[in-house]
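The sequence and model come first.

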Amino acid sequence: MVGLSMLLMTMSSAVGAASVQIFAAASLQTALADVLKGYDGQVGVSWASSSMLARQIAMGAPAGLFLSANDEWMDWLEERSAINPQSRTSLVGNQLVLFAKRDVGFDFSSDMSIPKILQNASDHGKLAIGAPDHVPVGLYARQALQTMGLWDKLKTQLVPAENAPAVVRLVHYGVASIGIAYATDIKGRKDVRLLANIDPTTHKDIVYSMALTTHSDETMKRLYDYLRSEKAQKIFISHGFLPGDPS
């Protein structure tokens, strides 16, 4: 496991000069940075996969607020009394997409079914998804592939990634010919293209869960309230996220 000092050294960015206060799923990075521009206090953020951040919080990392890409890792922290369960809320949602490099490199047309696209792509390379045993985007992808009856056929061709943005990088650099990521991960990118939206009924709802940790103070509560505000929600939605239920 990555040590706490290494995590804070390599995964943190500060808005202002604050110490790390928010631990947030890597797929939120661009949108959350934009949201925080409208906040009048100093905020520090550590970005990584929800699974890594949850483990660090359980070890006592200095996070006052946790933004997870699924409920499971929030449940895991609640079981360890590391968050305030009354503060749990659904911040935003997302959706899964199938994507490839702009110059696809295999037989593709917009009317192809997802199984056919995956078959053609796998004949030319690997499939990038989040690590399917612990990274939320990978957990959702595995559920979708299992529902479609494709998991057993494709699981030997997977290239697992450490977080959602890393899935896109694997495809960008040609390590994999195709990937399953969040819609927000490829929004606005010119180096990759959307091949298909994945039916949301094939996997659990993608919900970004937010909660205050046991290290929170009044300053973090004020930030928590701001992230739940209509102003913040509009910014998240402008980045492609789906409306949450943060009330």
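The structure holds 6 aromatic pairs. Rings of Phe, Tyr and Trp (its six-membered ring) pair if their centres lie within 6.5 Å; planes under 30 degrees apart are stacked, over 60 edge-to-face, the rest tilted. Two of the pairs are set out here.

| Pair | Centre to centre | Angle between planes | Class |
|---|---|---|---|
| Trp73 and Trp76 | 5.3 Å | 70 degrees | edge-to-face |
| Tyr182 and Tyr208 | 5.9 Å | 55 degrees | tilted |

This is a predicted model: local features need pLDDT of at least 70, side-chain atom pairs count only at pLDDT 80 or more, and totals for chains, interfaces and linings use all residues. Residues are numbered from 1 along each chain as its sequence is written, and side-chain values use heavy atoms, without hydrogens and water.

Trp73 and Trp76 both sit in helix H4 (residues 71–79), 3 residues apart, about one turn of the helix. Helices (H or I, at least four residues) and strands (E, at least two) are DSSP runs, numbered from the N terminus. Trp73 is buried, at 11% relative accessible area. Trp76 is partly exposed, at 21%. Buried means under 20%, exposed over 50%, partly exposed in between (1.4 Å probe, protein chains only).

Tyr182 lies in strand E9 (residues 178–182) and Tyr208 in strand E11 (residues 207–212), so the pair ties together parts 26 residues apart in sequence. Tyr182 is buried, at 1%. Tyr208 is buried too, at 1%. Tyr140, Tyr182, Tyr208, Phe236 and Phe241 form one aromatic cluster.

Phe236 also touches Leu32. Contact means heavy atoms within 4.5 Å.

How values were computed:
Lists of a residue's contacts leave out its neighbours within four places in sequence.
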